Amino acid sequence: RGCFRCGECEQPLDGEFFIHHGAAFHEACADVAQAREQGRTCAACRLPIPMGEGCPTFRGKLFHEACFVCERCRRPFSGDVFEHEHMVYHEECLNQVEAEAFGHRCPGCQAAISPYQKGALHACDRYWHATCFKCAGCGRVFEPAARFYKDDDMPYHEDCL
């Protein structure tokens, strides 16, 4: 009885089993063996993805749900996926990765900022979040396309100089 073992996990077979290519398997193990045989392997962990298990695809590659996560925060995706240097990120995580790579910090809030992220603007020789780009005199946020004046590398309204 102990000699009759699963062809995948090598545990004893008792109860219902399946025969596949002359070997006996537990039901779950048969799915794994079939997935491996058909090339249904996860691009991240390289383990087989059992038949019938839903799996996300990206760039034609299959993933286990648990393996398809953001490279920076390790959380799964629920929306758009952004790729950078063959790795996948949430948009906000990619912004942080790029900001850290470029070494830019917003002068208004000191947070890392990427020149490519939404809402980033270049003024006074630095990158700012649009909501942080304020007059150094009165503290009001500049309206889009508003004229500002630079003094000591800081932005001012004309009447605040």
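**Exercise 1. Classify D153 by its relative accessible area, then find its salt-bridge partner and the network around the pair.**

Step 1. D153 has 38% relative accessibility, so this residue counts as partly exposed. The classes are buried for under 20% relative accessible area, exposed for over 50%, and partly exposed in between (1.4 Å probe, protein chains only). Keep in mind that this is a predicted model, where local features need pLDDT of at least 70, side-chain atom pairs count only at pLDDT 80 or more, and totals for chains, interfaces and linings use all residues. Residues are numbered from 1 along each chain as its sequence is written, and side-chain values use heavy atoms, with hydrogens and water left out.

Step 2. The partner is K150, whose side chain meets that of D153 in a salt bridge at 3.5 Å, N to O. A salt bridge here is a side-chain nitrogen of Lys or Arg within 4 Å of a carboxyl oxygen of Asp or Glu.

Step 3. K150 is partly exposed, with a relative accessible area of 44%. A network of salt bridges links K150 and D153 with D125.

**Exercise 2. Which residue pairs with E92, and where do the two sit in the chain?**

Step 1. E92 forms a salt bridge with R75, with 3.6 Å between the closest N and O atoms.

Step 2. This pair links distant parts of the chain: E92 belongs to helix α2 (residues 91-102), R75 to the loop between β4 and β5, and they are 17 residues apart. Helices (H or I, at least four residues) and strands (E, at least two) are DSSP runs, numbered from the N terminus.

Step 3. Now the accessibility: E92, at 46%, is partly exposed, and R75, at 44%, is partly exposed too.

Step 4. To finish, count the salt bridges by this rule: there are 7.

**Exercise 3. Describe the ring pair of F58 and F68.**

Step 1. Rings of Phe, Tyr and Trp (its six-membered ring) pair if their centres lie within 6.5 Å; planes under 30 degrees apart are stacked, over 60 edge-to-face, and the rest tilted. The count by this rule is 8 aromatic pairs.

Step 2. The ring centres of F58 and F68 are 5.9 Å apart and the planes stand at 40°, so the pair is tilted.

Step 3. F58 lies in strand β3 (residues 57-58) and F68 in the loop between β4 (61-62) and β5 (82-84), 10 residues apart.

Step 4. Both F58 and F68 are buried, and together with F63 and F77 they form one aromatic cluster.
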